[in-house]
Amino acid sequence: MSAKNTLQLCRRWPRYLMETDLRQLPIMDTDVLVLGSGVAGLTAAIEASQSGRVFVACKGLVRDSASDRAQGGIAAAWSGADSFEAHAADTMRAGCGLCHHQVVRFVVDRAPEEIRFLESLGAHFDMHNSRLDLGREGGHCARRIIHAGGDATGAEIMRTLLARAIHNPYIYLRENCFAIDLLTAGRRVVGALLRLAQCGLVVVRARVVILATGGAAALYRDHTHPPGSTGDGLAMALRAGAALRDLEMVQFHPTVFHDKGGGAFLISEALRGEGALLRDADGVRFMAEYDERAELAPRDIVCRAIYDRLRRSLSPDVFLDVRHLDPAHLAARFPSITYHLSDNGINPARQLIPVRPAAHYTIGGVSTDLDARTNLDGLLACGEVASTGLHGANRLASNSLLEGLVFGRQAGMTAAADLAGPTEPWAEPNCRMTRALAGDPKRIRQLRDQLGDIVQSGVGIEREIGLLQLTLDQLLRDEDAVLHHRYTTAAAWETQGLWMLAVCTTMSAAWRRESRGAHFRTDYPESDDARWPVHSRIMLTAEGVVLNAEPVPAITGQPIACQGKSPRENNHRAISN
Ligand SMILES: Cc1cc2nc3c(=O)[nH]c(=O)nc-3n(C[C@H](O)[C@H](O)[C@H](O)COP(=O)(O)OP(=O)(O)OC[C@H]3O[C@@H](n4cnc5c(N)ncnc54)[C@H](O)[C@@H]3O)c2cc1C
């Protein structure tokens, strides 16, 4: 690494996964193309539909998103005992110096407005004594987690947004529609190459493209997401020339239950908010040894404590203990968790719940500004695929649904503003026919199976330079088979993207020679505020993969004007606890 903190991998990666003669393909036209139909994509689509036609592409079924799985809730400073400042301060504290203060205020100030918006569309949040029932989660100094169906908040939000989107004549939502690549003419994104079930390859031409494809948890063998969280949007943005930020910042969730079928099921942090304790294999409650906030310490601290405990024991799991809590209350507050555990033969009123950490949230992403714009003209990004500056080096629990709502709406508004500008003729993208050799489908399937293990052991909860170098070498050995052959299945395209992200994530983790937030280096266990309070910024250039430092904007002390009501104005619904 040079003195300027630049890291470079001199490799030529293909611009398109499916180079083809676009003139031979069917063309569809739309004003706005939204890739992804989770909370961010649907919110963006609903907003943009007020100004033009919106095509929403979803690679599987709509309800297969991470959004649908979200349990704990949405963070919003709602009660009179809380404040925007306190929510912002908790967010900044969790973000360990990499949050953008202006963005944090932008998001937390809008939180109550987004809750009211969802209620106006028919969302039902849980109530207590005719007021919103506010939960507490790790890292939050107040009760401010708004939830629905006990622990099914994401499903309720998705039900609400979907009902609005599918009855909207300006929104065309298409399932089983895989986005392969963004199409660019110079520095402008002009549409995308999609593969639709039954129709095959299609070019969708759009004046604005909104990337809302979610995160890349599936980089890791153990993760909490649906299988489709393969980071396709991150990889296609990288290939198109967008800047990706902070890829080394991967959040692990400390308490994930692995069921009999090998599936991972998240045991919400809200359970610890209600008093659940963590015990090791000897029954010892250990969190207080690691942090004064004990079970309610931020996720990275809880994950590392569990990791340490697991290393010292022969047990694959630590245990959540709720035996001292009221079982009727738990069953009512956490119906999905209770059901899932009982389906796996565990009665939490009497038994301990085995849990261990798993990859949970892609903190880094496509770098965006306050308008959700990326560095490419015509490309906006929102939701987990984006790096807005809200989470910094570590995401505060329940801030991501909120971010998806706020920046989804913002992306829709920015798209609307762009549509109001002059219409330019569609520029032909520079996608050419190539003669890449056909790849071996068996080989790419094998590589996909290995990738999760390689990333999990090399770029996991704890990192170290020897292991990172080994991981990079291991990955690069397969470069030719992965990237320089042509594949024709969605699973293969996902693997190609995941492989690129694995390399970029490993590079970013090796580049940051300190520990900060979710990134922990055993060879540099301390934060180095003199050198490293900066973002990592990675791009694909003619010189190869190039990683640089990007400064974090200074705190101006001028919070953005609040558009939502202040918490005190919500007092009619505030709770006292
Ligand atoms: C188990 C679990 C619990 C969680 N609990 C909470 C919580 O309580 N509070 C909170 O704030 N956050 C929570 N999160 C995180 C939060 O749910 C996600 O960060 C958020 O929902 C992401 O929304 P999104 O719209 O960006 O992406 P997603 O919801 O992941 O949606 C992505 C969409 O993009 C589509 N897509 C992807 N690739 C392609 C492609 N190539 N072509 C076409 N379409 C594509 C997918 O099909 C999907 O529709 C939780 C996450 C999980 C997994």
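This is a predicted model: local features need pLDDT of at least 70, side-chain atom pairs count only at pLDDT 80 or more; totals for chains, interfaces and linings use all residues.
Residues are numbered from 1 along each chain as its sequence is written, and side-chain values use heavy atoms, with hydrogens and water left out.

Let me start with the interior. In soluble globular proteins, nonpolar side chains tend to be buried together. By a nonpolar core I mean a set of buried Ala, Val, Leu, Ile, Met, Phe, Trp, Tyr and Cys residues joined through side-chain atoms within 4.5 Å, where buried is under 20% relative accessible area, exposed is over 50% and partly exposed is in between, with a 1.4 Å probe and protein chains only. The largest such core has 73 residues, and W13, L35, L194, V366, W499 and V503 have the most contacts inside it. Helix α15, residues 490-511, gives the largest share of this core, 12 residues; helices (H or I, at least four residues) and strands (E, at least two) are DSSP runs, numbered from the N terminus. A second, separate core has 59 residues, among them V62, I74, A77 and L161.

Now to the loop between α15 and β24, where A518 is placed. Buried or exposed, how does A518 count? A518 counts as buried, because its relative accessibility is 8%. Its contacts (heavy atoms within 4.5 Å), leaving aside neighbours within four places in sequence, include M249, V250, D300 and I363. V250 lies 268 residues from A518 in sequence, yet their C-alpha atoms are 6.1 Å apart.

Strands β24 (residues 534-541) and β25 run antiparallel and are joined by 8 bridges, with S536 partnering A549 of β25, and they form a hairpin with 2 residues between them. Strand β25, residues 544-551, is also joined by 3 bridges to β1, residues 7-9, again antiparallel, and here L9 stands opposite V545.

Finally, a look at the lining of the second largest pocket. This lining has 11 nonpolar, 6 polar and 10 charged residues, counting Ala, Val, Leu, Ile, Met, Phe, Trp, Tyr, Cys and Pro as nonpolar, Asp, Glu, Lys and Arg as charged, and the others, Gly among them, as polar. Its largest share, 4 residues, comes from β12.

Methods
Two strands pair if DSSP finds at least two bridges between them.
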